[in-house]
Amino acid sequence: MKLSDYEQEMLAGEHGYSKQYGMQQIQRVGTFFDATDTVEIAQVHLMADPESLGETGVEFLECLAARPQPERSVVVPAVTDPRGVDLNAYKKLGQTDSMADLEIRATAAFRSLGFMMTDTCINYQTICPPVLGEHVAFGDTGSSIYANSVQGARTNFEGGPSALAAALTGRAPRYGFHLDQHRVGTCLFEIDFRPKDLSDWGALGAYVGREMASYWEVPVIAGVEDVPTSDEMKQFGAALASFGSTPLFHMIGITPEAPNLKTVFDSNQPKAVKIAKQDVDALVKSYMPSDDKLDVVVFAGPQLSLMEMQTLAEHLRGRSIHSDVALIATTSPEIKYACDRMGLTEAIETAGGMVLSGVCFYQMYAREIGEANGWKRLMSNSAKLVNILGGYGYEPMLASMETCVECAVQGRITGDLS
Amino acid sequence: MTKVFIGHPGIGDIVTGEALVASDNFSARYDLDRINGVFSRPQHKLCGQSYDGKILVLNAAKGGVATAWMLQEMVSRGIAPKALILNFANPIMAQGAAFANLPMIDRFEVDITESVPNGAEVHVDPAAGEIRLL
């Protein structure tokens, strides 16, 4: 990898340990992917929940945070993904004091490094949406795929250690989706139906994601006639990135780099794979349980936008969630403040639901809180969440927000289980 | 029978151990019970099997970004694979391996999950991008 004089100084430790760590991480990853040099990035989004960090990860952050100024400070605007513990609700959820302590220590370290604790995975909707062609370092699969695909920004999946390196140095290795050649479509899917609600968009994303062979695939979707909303794109992209582990899709006539098939395929257009509504329905049905027991309903993964919170509040207004079922919605601190002001939090909580701020369900010790509360059967309208939680000991199923709320009120899974 | 397989130069130090092989994909968050050191995702072919101290040979890196931190967390607790051998890594797996200094190689000339027998003793040389059956 070709490094500038300044980058070589950082690598040699002349600007302190923090910058040296950053350049070492950039060089190791860049070399692995044959990067020729680095690219300066405009902003960083960093994922570092305490479950993923563990004690050793938090100790590492504290080590960086103890370094003197200016070496320890981030050099570009840097924001955080959801945390693992909502300190106002952790005891009620069965999280432990040691989990909260780890959270408090990690947060203190990030503040010392100069991170803005936005604690959100929907930064592309709520904080500072990137623009077409802007190079960024985003650290959540959902935020990365939305920034790349819908906003036309350029990022790889920058996991915590590398997003941190990017924040400390202002750089990322130039490979993958920073480069034009990796943004060309590699496979084509054609749909002839319009997904009805958010869970349907997620299921479609899951279907496409399951077909992805590796990170380097770029699926192209044709046949979408009505422009999806931001929340529909969010659910589609989050599920696609979760099932497929790919950070970019194009939607013909809709996303900014895909005005038509010719542009997106660069003369090598593959044969279209048709996706019928029945194909997507079959994916949803594969998660159907054999009985009607229900423990918990979760709206998260990604955190809910203000519009989604409003819809949830309207579904719940004047109703009561069954005493056998818990209902949880997670959103960002900024959206939570807005919901408090607008009476949406009150509507959800009066019905018996919980609104959590700055966390996301799968990032908050999902296995431990499931065991602490006896939660096994889980319903969500997020295909991403359903995909993740099987490995955490849950029996997750996917349904629309409306159906999820109805089942939470009834205390059991209603409707066709066949 | 071929005994040496060449991939892209990887990350980490030379290591030798027993291969645990499946054609499935890999994510630390989605697939593992990291407390007990076993695969826990019901749909995974290795569900219930211990990965501790094994040379994991799997198809592609999948799932989210948590693996980038989790590999180091697993190594620090002493319940971790010895090396990751994949047909296709992704940035998250590379970032995690670089942070944890966990040996990893990918991009072989063959399907590595069909080339290394389950349970075989293997020698992994990341700098050379080479796996050798012992």
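Let's start inside chain A. Fourteen residues of domain 2 of chain A are in contact with 15 residues of domain 3 of chain A; contact means C-beta atoms, placed from the backbone, within 7 Å. On the domain 2 side, helix 8 (198-210) and helix 9 of chain A each supply at least two residues. Helix 9 of chain A gives the largest share, seven residues. Helices here are DSSP runs of H or I, at least four residues, and strands are E runs of at least two, numbered from the N terminus.

A word on the source. This is a predicted model: local features need pLDDT of at least 70, side-chain atom pairs count only at pLDDT 80 or more, and totals for chains, interfaces and linings use all residues. Residues are numbered from 1 along each chain as its sequence is written, and chains are lettered from A and ligands numbered from 1 in the order in which they are written.

Confidence next. The model scores ipTM 0.95 and pTM 0.95.

Back to helix 9 of chain A, residues 230-244.

Now the two chains. Chain B puts 32 residues in contact with 30 residues of chain A. On chain B, strand 2 (8-11), helix 1 (28-31), helix 2 (67-77) and helix 3 (91-100) each give two or more residues to that side.

Last, the domains. The assignment, automatic or from a database, gives chain A domain 1 (5-179), domain 2 (184-280) and domain 3 (287-410). The C-alpha centres of domains 2 and 3 of chain A lie 26 Å apart.

Technical notes
Contact = placed C-beta atoms within 7 Å. Axes fitted to C-alpha atoms, helices over the stretch in contact; angles between N-to-C directions.
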